[in-house]
Amino acid sequence: MNTKNLVVLSLLAGIGVVLHTVMPAFLTIKPDMMLAMMFLGIILIPEIKSVMLLSIVTGGLSALTTGFPGGQLPNIIDKPITALVFFGLFLALKHYRNSIISVAVLTAIGTLVSGSVFLGSAYYIVGLPSSFTALFAAGVLPAIALNTIIMVILYPVALSVVKRTKTSSIVISK
């Protein structure tokens, strides 16, 4: 892992924490916009060390900025699980990874996994302030839509920036 990759990952985490902080909460749960930045980092730098580092940092930053009562530990639990699932699916789609459609579908699936793991772990650790279904509908479904839209917009931009940067060490999967 080199310094350029660490800088890219830290910038994505920083952008993600700003998005996560300013996003309003619905029924005590806010759509997790930090996931889109984590997914973009995984796509741009598909190395297991980078994926694990990014997921741990993202989980910690999400825990610091959560508005969910007792949501710190569920955030720390859900990010590494989600990152590994997303990374595994990304690697499985080796022929279609650079397709905007596959990136959008992977983002939707990853957000679904994250929301389910978050709410499930919150249910068992601290309890839920409302029903699982209500929180899923109020927080996870909007997050799926928002993250997918954000990724459809940001992925081509990030890809063109990476391709134009001649000194870039970021891995573009083929």
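Author: From the N terminus on, the elements run α-α-α-α-α-α. The model is predicted: local features need pLDDT of at least 70, side-chain atom pairs count only at pLDDT 80 or more, and totals for chains, interfaces and linings use all residues. Residues are numbered from 1 along each chain as its sequence is written, and side-chain values use heavy atoms, without hydrogens and water.

Reader: How do you know how many helices and strands there are?

Author: Helices are DSSP runs of H or I with at least four residues, strands are runs of E with at least two, and both are numbered from the N terminus. By that rule the chain has six helices and zero strands.

Reader: What makes the chain as compact as a globular protein of that length?

Author: The globule rule is 2.2 Å times the number of residues to the power 0.38, and the radius of gyration is taken over C-alpha atoms. For 174 residues the rule gives 16 Å; the chain has 15 Å, close to that, so it is as compact as a globular protein of that length.

Reader: How do you know what span to expect of helix α4?

Author: The expected span is 1.5 Å times one less than the number of residues. Helix α4 (residues 72–92) has 21 residues, and 30 Å is expected. From first C-alpha to last, α4 reaches 31 Å, close to that value.

Reader: Which residues of α4 are called buried, and what do they pack against?

Author: Buried means under 20% relative accessible area, exposed over 50%, partly exposed in between (1.4 Å probe, protein chains only). In α4 the buried residues include Pro74, Asp78, Lys79, Phe86, Phe87 and Phe90. The buried residues of α4 pack against α2 (34–44), α3 (48–65) and α5 (100–125). Across the chain, 47% of the 174 residues count as buried.

Reader: What makes a set of residues a nonpolar core?

Author: Its members are buried Ala, Val, Leu, Ile, Met, Phe, Trp, Tyr and Cys residues, joined through side-chain atoms within 4.5 Å. The largest such core has 26 residues; Met38, Leu40, Ile42, Ile43, Met151 and Tyr155 touch the most other members. Helix α2 gives the largest share, nine residues. A second, separate core of nine residues includes Phe68, Ala122, Leu128 and Leu135.

Reader: Which residues is Met38 in contact with, leaving aside its neighbours within four places in sequence?

Author: Contact means heavy atoms within 4.5 Å. With those neighbours left aside, Met38 is in contact with Leu54, Ser55, Thr58, Lys79, Thr82 and Ala83.
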